[in-house]
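Here's a quick walk through one model, with the cut-offs spelled out as we go. Have the viewer open while you read.

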Amino acid sequence: MKRNNLILIGFMGCGKTTVGKCLAEDLGYCFLDTDELIEAEQNKKISDIFEKEGEEAFRRMETELLERLVKEADKTVIATGGGMPVKEENRMLLKKAGIVCFLETEPETVLQRLKQDTVRPLAAGEDREKRLLDLHKFRKPIYRMVADICVKTDGKDCDDIVRELEERTASERKGGAV
Ligand code: S3P
């Protein structure tokens, strides 16, 4: 199990990418975002992959990418797509890839942040609020189950969250326990 990577998980809009970039910069780690990598490698937007190839195809791409990251990532902060921990296979891979940090955000905050979203296929269409709330409720215990640490993000700014993540992972990054 690798301890020199930090894996950020959590619902859409919880701040994985924003926090991940600051965290990586502060620690002198590399930064990777699984959504961005998939889009770059496929040369397609995630919304197009969902539309033309289906969600299952996207989920397969996520697993394949994670398998590679387990082998290759080193001193890296990895921001993952919000659905990554849902497959059991991915949960095993996430655990192998690094210290799994759940950014926990209240559903109301998520809804507010995703209100104007035009990019995420799961945040679009009719009934979006109810669907997002149901999905949030379904996934929260999954995120908790796979996480090594859980950081609540509501009411905190990016620097607060980065500091908390650094403090709470410090001993394990240096070879001890979380
Ligand atoms: C998804 C979250 C998105 C992206 C895709 C599916 C999900 O990533 O992977 O749209 O299932 O929650 P973000 O969590 O970075 O928005």
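## Ground rules

A polar contact here is a pair of N or O atoms within 3.5 Å; within protein, one must be able to donate a hydrogen and the other to accept it, and residues adjacent in sequence count only if both atoms are side-chain atoms. The model is predicted, so local features need pLDDT of at least 70 and side-chain atom pairs count only at pLDDT 80 or more, while totals for chains, interfaces and linings use all residues. Residues are numbered from 1 along each chain as its sequence is written, and side-chain values use heavy atoms, with hydrogens and water left out.

Glu62 sits in helix H4 (helices are DSSP runs of H or I with at least four residues, strands are E runs of at least two, both numbered from the N terminus). Glu62 is buried, at a relative accessible area of 1% (buried is under 20%, exposed over 50%, partly exposed in between, with a 1.4 Å probe and protein chains only). Its side chain makes a polar contact of 2.9 Å with that of Arg59. Beyond four places in sequence, Glu62 is in contact (heavy atoms within 4.5 Å) with Ile38, Gly81, Gly83 and Met84.

Thr153 belongs to the loop between strand E5 (149-152) and helix H8 (158-173). Thr153 is buried too, with 2% relative accessibility, and its side chain pairs with that of Thr105 in a polar contact of 2.7 Å. Skipping residues up to four places away, Thr153 touches Cys14, Leu103, Glu104, Thr105 and Ile161.

## Nonpolar cores

In soluble globular proteins, nonpolar side chains tend to be buried together. For this model, a nonpolar core means a set of buried Ala, Val, Leu, Ile, Met, Phe, Trp, Tyr and Cys residues joined through side-chain atoms within 4.5 Å. The largest one has 30 residues, and Ile7, Ile9, Leu94 and Leu132 touch the most other members. Elements supplying at least two residues each include strand E1 (5-9), helix H5 (88-97) and helix H7 (128-146). Which element gives the most to this core? That's H4, with 6 residues.

Apart from this core lies another, of 16 residues, with Val77, Ile99, Val151 and Leu165 among them. As for Ile7, its contacts beyond four places in sequence include Ile78, Thr80, Leu94 and Ile99.
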